[in-house]
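Q: Please walk me through this structure. I would like to learn how to read its features.

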Amino acid sequence: MKILNEKPLSIIKQEKENQENIPISLDAIGLELVQGKLDHAQTKEMVAALGQELVKTKLEVANLKGGNS
């Protein structure tokens, strides 16, 4: 049987505890949240603009067909 992990269990446990104690920066989380909200707002505006363009195009097609569609 071959041992895959040669670190003692106590060291592995300590490393795991150290990873769980990493401080989280509220400023970094806040900035990420704001950036996400800005991206979402930009996407919503783009979808609305594309919707308006689609309506205009459909009206133009209807006018070219003589309004029978």
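**Reading the model**

A: Start with a pair: Lys56 and Glu53 both lie in helix 2, 3 residues apart, about one turn of the helix. Helices (H or I, at least four residues) and strands (E, at least two) are DSSP runs, numbered from the N terminus. This is a predicted model, where local features need pLDDT of at least 70, side-chain atom pairs count only at pLDDT 80 or more, and totals for chains, interfaces and linings use all residues. Residues are numbered from 1 along each chain as its sequence is written, and side-chain values use heavy atoms, with hydrogens and water left out.

Q: How many helices and strands are in the protein chain?

A: The chain has 2 helices and 0 strands.

Q: What do the side chains of Lys56 and Glu53 meet in?

A: Side chains of opposite charge can pair when their charged atoms come close. Here Lys56 and Glu53 form a salt bridge, 3.5 Å from N to O. The rule asks for a side-chain nitrogen of Lys or Arg within 4 Å of a carboxyl oxygen of Asp or Glu. The count by this rule is 1 salt bridge.

Q: Is Leu26 buried or exposed?

A: Buried means under 20% relative accessible area, exposed over 50%, partly exposed in between (1.4 Å probe, protein chains only). Leu26 counts as exposed because its relative accessibility is 70%. Lys56 is partly exposed at 46%, and Glu53 is partly exposed at 44%.

Q: What percentage of the 69 residues is buried?

A: Buried residues make up 1% of the protein chain.
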